[in-house]
Amino acid sequence: MPAPIPEAAIQAIIGAGRRMDRFNWVPATAGNFSVRLPGNRIAVTRSGQHKGFLTAESVMVVDLDGRPEDPALRPSAETLLHCGIYRRFPEIGASLHGHSIANTVLSRRAGDEITLAGYELLKAFPGLATHDASVAVPVFDNDQDIARLQRAVEACWDAITDGIPPGYLIRGHGVYVWARDMDAALARLEALEFMLDCELQDRRNPA
Ligand SMILES: CSCCC(=O)C(=O)COP(=O)(O)O
Ligand SMILES: [Zn+2]
């Protein structure tokens, strides 16, 4: 009999969905969220749920390779991207994926990264103590083969020598961010989305 999902993890996931829905970052059934549990378990949203209206039944458990504890339940189609984050970064406790207008539009127009520079909100990212900095957020081509997409993400991470940014974009699709816990992941997501929105508005109305 598998261990129950801790109530705190369930509430963190439900709360994240409500908060992201208020910003219109999870339209239709877009988005997926996860929390690391003890014992190499991951609490993750089930596939096809509206993330603004999650309940305890919307959350299930997979292992670090994405295998469901209950084979009758279907985890997020993008579970392997969450697993890749937890496998790579042992200190990470929560991961979020959303589809905002800003991350979708900008990633469609971008090359293989979007550089954010000079924003006070860069200080919401780890290791940055000043606006006088820049972060190159990777952008990956969208792929319905999520295992292949995860391999592209890992190849990019392997090539970064000066600090992996706490998020990436998937072209025309959305964003992934992660942090030590759900509150920190939401703060990072809000900071990143704010800066992407600024970039989008800048491009619409260049000075
Ligand atoms: C209608 S959204 C298309 C799938 C997607 O990109 C997503 O984020 C939600 O997929 P899930 O399987 O996690 O519900
Ligand atoms: Zn998605």
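Modeller: Happy to! Let's start with N24, which sits in the loop between α1 (7–22) and β1 (32–37). Helices (H or I, at least four residues) and strands (E, at least two) are DSSP runs, numbered from the N terminus. This is a predicted model, where local features need pLDDT of at least 70, side-chain atom pairs count only at pLDDT 80 or more, and totals for chains, interfaces and linings use all residues. Residues are numbered from 1 along each chain as its sequence is written, while chains are lettered from A and ligands numbered from 1 in the order in which they are written.

Biologist: Switching topic: how many residues of helix α2 are buried?

Modeller: In α2 (residues 79–88), 8 of the 10 residues are buried, so the helix is largely enclosed by the rest of the structure. The buried ones are T79, L80, L81, H82, C83, G84, I85 and Y86.

Biologist: What covers them?

Modeller: The cover includes β1, β2 (41–45), β3 (59–63), β4 (94–98), α4 (146–159) and β8 (174–179).

Biologist: Which residues touch the most other members of the largest nonpolar core?

Modeller: Of its 53 residues, I13, V177 and A185 do. A nonpolar core here is a set of buried Ala, Val, Leu, Ile, Met, Phe, Trp, Tyr and Cys residues joined through C-beta atoms within 7 Å. Helix α5 gives the most to this core, with 8 residues.

Biologist: What does A185 touch?

Modeller: Leaving out residues up to four places away in sequence, A185 touches A94, S95, L96, V177, W178 and A179. Contact means that the C-beta atoms of two residues, placed from the backbone, lie within 7 Å.

Biologist: Last one: at what angle do α3 and α5 pack?

Modeller: Helix α3 (residues 101–109) and helix α5 (residues 182–204) pack at about 55°, with their axes 9 Å apart. Axes are lines fitted to C-alpha atoms, for helices over the stretch in contact, and angles run from 0 to 180 degrees between N-to-C directions.

Notes: A residue is buried if 20 or more other C-beta atoms lie within 10 Å of its own, exposed if 12 or fewer, and partly exposed in between; C-beta atoms are placed from the backbone.
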